[in-house]
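Look at the sequence and the model together while reading. The paragraphs below go through the chain by topic.

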Amino acid sequence: MSYLRKAIGAVLSLLIISTGSPAATFAGQAAPPARTELGVASNSTARLKKEIDAILAREFLPVTSAGIKVVSLKHGDTIYEFNPRLLLVPASTQKVFTAVAALSILGPDREVATTVGVDAAGGRIYLKGCGDSLLSAADLATLAAAAASKLDKGREYTLAADLSCFDDLYRGMGWMWDDDEMMISPLSVNHNAVSLLVQPGAKAGAPAVVTAEPRTSYYTVQNLTRTGSAKDESSIQASRRPGERDNVVTVTGVIALGSAPQVKQASVWRPELMALTLFRDALRAQGVKATDMTTATTPAGATEVARSSHSLEEMVRFALKTSDNVTAESLLKLLGLHGSGKRGSAEAGSAVVRRYLERQGIATDNVVVADGSGLSRYNLSSADTMIQVLRAIQRDPGLYRIFQESLPVAGKDGTLKNRMKGSCAEGNVRGKTGNMKGVSALAGYATSADGEPLAFSIIIQNYAASGKQAREVQDRIAKLLCGFRRTL
């Protein structure tokens, strides 16, 4: 430890002793004493407070921003808080707002459909997407087979992608220009990405073996990889150059000889045309002559000949478990479509989310909802607001079950699969993760050692260290919550 770090630690120790909380040294706000349902601080809550305060003082203060709040869902009291109202960037925990609003307003059983319509007079087939982010190449093949049985095999058809459910913005406000993020479209396929399976070659020095899905001519893979020795560290990356529209996916780096295959993803430009290309190829395989492709709105007189759909519950589950940004943005635009009666937009969806919060008695004066996924640096919220949202959905037993089961489980699945293993938090903590450069967050539910249900929110921002350090701090706090007892 450097002399400077020792000096900072000594100063913080003195401040903690004199104030009883590191919060008094940060943002000018001292955390109030922890209280039980009787309104008196207990030895156990005091100990929990001391332990979390020590973690923060040792790891981050005074140069890093943090907001934390923990409440009892049984008694309603605050067990711990640190700068709970400080506005911070929530990263992907923003998906909690989107998912809760979508479940509450649209309902878990809502069908999100992709349809095939035929204008017999004009000889055109319309593939209409309306936000089903879970649509796969296999689904498109099934749609093509169903449609082909009702089409004239001796006739030549043109194809059109109907994108009228959403606006024409592919990216969200405040997204970083150089982020190879999947593009938003009402007609999605394969999460609007190319999936690349990378395996070592036959010997060191040989190119890696790269297999891409879905298989289509819509994109090109450039393989610049190398198979390393068994001792090399794998460093495979895949991306489409930011801003490029050629749909050239470049795979680079080294994969160690004998190592397990790696799966990477890269975005595609105008994903609806990849969906339409796959659909065209599937129609041709069914003997249907399908040629020119364009985008157009399905006319009123068209006949629906095939349909595929996923439920909103399935979409919420996928968005939360895997932190999928395309699905979260689709949910936001579906809210916008519902709320405005016009083409779904992030702006209209954000207004619906804010109205939902207000109906739950949650103040929105200090909340910024810029997108549905949390990619935007414009988003602003606080640990206190997140706790209010977690409590709001908990008051609806039916939706709470769906929401809670959709969250990643520590040490078991989703984005928490490899975290908190072998601790009391494994299989206990359910939470939404959020990570971007300089920001890390975790929000969700835990059960204490006494069986008391807790809701928590942890946001850490403006740190120069790796995100791994921030995640370890969150995990240590979550473990403390699982071991927490009201009485010793």
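Helices (H or I, at least four residues) and strands (E, at least two) are DSSP runs, numbered from the N terminus. This is a predicted model, in which local features need pLDDT of at least 70, side-chain atom pairs count only at pLDDT 80 or more, and totals for chains, interfaces and linings use all residues. Residues are numbered from 1 along each chain as its sequence is written, and side-chain values use heavy atoms, with hydrogens and water left out.

Begin with the backbone. Pro214 sits in the loop that runs between strand E7 (209–213) and strand E8 (220–228). The peptide bond leading from Glu213 to Pro214 is cis, and its omega is near -5°. Asn83, found in the loop between strand E2 (78–82) and helix H3, is not a glycine, yet its phi is positive, near 45°. Asn83 has 1% relative accessibility and therefore counts as buried; buried means under 20% relative accessible area, exposed over 50%, and partly exposed in between (1.4 Å probe, protein chains only). Ser323 is not a glycine either, and has a positive phi of about 55°. Its place is the loop between H6 and H7, and at 16% relative accessibility Ser323 is also classed as buried.

Next comes helix H7, residues 325–340. H7 has 16 residues and spans 22 Å from its first C-alpha to its last, close to the expected 22 Å; the expected span is 1.5 Å times one less than the number of residues. How many of the 16 residues of H7 are buried? The count is 12, so H7 is mostly covered. Among them are Asn325, Val326, Leu331, Leu332 and Gly336. The buried residues of H7 pack against helix H3 (94–105), strand E3 (111–119), helix H6 (312–322) and helix H8 (346–359), where contact means heavy atoms within 4.5 Å. Just after H7, Gly341 takes a positive phi of about 75°.

Charged side chains can be paired up. A salt bridge is a side-chain nitrogen of Lys or Arg within 4 Å of a carboxyl oxygen of Asp or Glu, and the whole structure has 18 of them. In one, Arg317 pairs with Glu313, with the closest N and O atoms 3.0 Å apart. Both residues lie in helix H6, four residues apart, about one turn of the helix. An α-helix has 3.6 residues a turn, so residues three or four places apart point the same way. Arg317 is partly exposed, at a relative accessible area of 27%.

Asp413 forms a salt bridge with Lys321, and their closest N and O atoms are 2.7 Å apart. This pair links distant parts of the chain, 92 residues apart: Asp413 is in the loop between helix H10 (397–406) and strand E14 (430–436), and Lys321 is in helix H6. Asp413 is partly exposed at 24% relative accessibility, whereas Lys321 is buried at 13%.

The axes of helix H9 (residues 383–394) and H10 come within 7 Å and cross at roughly 120°. Axes are lines fitted to C-alpha atoms, for helices over the stretch in contact, and angles run from 0 to 180 degrees between N-to-C directions. H9 and H10 are therefore oblique to each other: angles under 35 degrees count as roughly parallel, over 145 as roughly antiparallel, 65 to 115 as roughly perpendicular, and the rest as oblique. Leu390, Ile393 and Gln394 in H9 meet Pro397, Leu399, Tyr400 and Phe403 in H10.
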